[in-house]
Amino acid sequence: MHALADAGVRVPEDVAVIGVDGIQEGEYSSPTLTTIALDKTQIARTAVSTLVANIEGTAPPPADAKAPYQLLVRGSTRGAHEAR
């Protein structure tokens, strides 16, 4: 967002910005960063159980793994649709 500001691009008036990590620092940027907060604990559990199953030779066929997430709408996207 700093690079956008340096280029004269306004967030969220000209462009909406969203992160994918859910880090707390997004609450302190200016404007605050909208983010997708992934359930990192569930991702780690799935990764470890898959690894253990592969090591033990009991892994099922490959499949898509899904983890819960939460969309945290903050200032970097609020009002972006209203500016048009």
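**Before you start**

This is a predicted model, where local features need pLDDT of at least 70, side-chain atom pairs count only at pLDDT 80 or more, and totals for chains, interfaces and linings use all residues. Residues are numbered from 1 along each chain as its sequence is written, and side-chain values use heavy atoms, with hydrogens and water left out.

**Exercise 1. Work out the order of the strands in the open sheet, and how they pair.**

Step 1: Helices (H or I, at least four residues) and strands (E, at least two) are DSSP runs, numbered from the N terminus. Two strands pair if DSSP finds at least two bridges between them.

Step 2: take the strands two at a time. Strand 1 runs parallel to strand 2, with three bridges. Strand 2, residues 34–38, is antiparallel to strand 3, with four bridges.

Step 3: The three strands make an open sheet in the order 1-2-3, and the pairing is mixed. Strand 1 (18–20) and strand 3 (69–72) are the edge strands, since each pairs on one side only. From one strand to the next, the twist averages 15° (axes are lines fitted to C-alpha atoms, for helices over the stretch in contact, and angles run from 0 to 180 degrees between N-to-C directions).

**Exercise 2. Find the residues that stand opposite each other across the strands.**

Step 1: begin with Gly 19, whose bridge partner in strand 2 is Thr 35.

Step 2: now look towards strand 3. There, Leu 72 stands opposite Thr 35, and Leu 71 stands opposite Ile 36.

Step 3: one thing to keep in mind while you look. In a regular strand the side chains alternate between the two faces of the sheet.

**Exercise 3. Decide whether Ser 76 is buried or exposed, and find what its side chain reaches.**

Step 1: locate Ser 76, in the segment after strand 3.

Step 2: apply the cut-offs. Buried means under 20% relative accessible area, exposed over 50%, and partly exposed in between (1.4 Å probe, protein chains only). Ser 76 has 0% relative accessibility, so it counts as buried.

Step 3: look for polar contacts. A polar contact is a pair of N or O atoms within 3.5 Å; within protein, one must be able to donate a hydrogen and the other to accept it, and residues adjacent in sequence count only if both atoms are side-chain atoms. The side chain of Ser 76 has a polar atom 2.5 Å from the backbone oxygen of Val 17. That side chain of Ser 76 also reaches the backbone nitrogen of Thr 34, at 2.8 Å.

**Exercise 4. Track down two cis peptide bonds.**

Step 1: Most peptide bonds are trans.

Step 2: check the loop between helix 1 (2–6) and strand 1, where Pro 12 sits. The bond joining Val 11 and Pro 12 is cis, with omega about 5°.

Step 3: move on to Pro 31, in the loop between strand 1 and strand 2. The bond from Ser 30 to Pro 31 is cis too, with omega near 0°.

**Exercise 5. Describe the lining of the largest pocket.**

Step 1: list some of the lining residues. Among them are Thr 46, Thr 50, Pro 62 and Asp 64.

Step 2: sort the lining by type. Seven residues are nonpolar, four polar and one charged (Ala, Val, Leu, Ile, Met, Phe, Trp, Tyr, Cys and Pro count as nonpolar, Asp, Glu, Lys and Arg as charged, and the others, Gly among them, as polar).

Step 3: zoom in on Pro 62, in the loop between helix 2 and strand 3. Pro 62 counts as exposed because its relative accessibility is 84%. Pro 62 and Thr 50 are 12 residues apart in sequence, and their C-alpha atoms are 9.6 Å apart.

Technical notes
1 Å grid on protein atoms, 1.4 Å probe; cavity = no way out; pocket = protein on both sides within 12 Å on 5 of 7 lines; lining within 4 Å.
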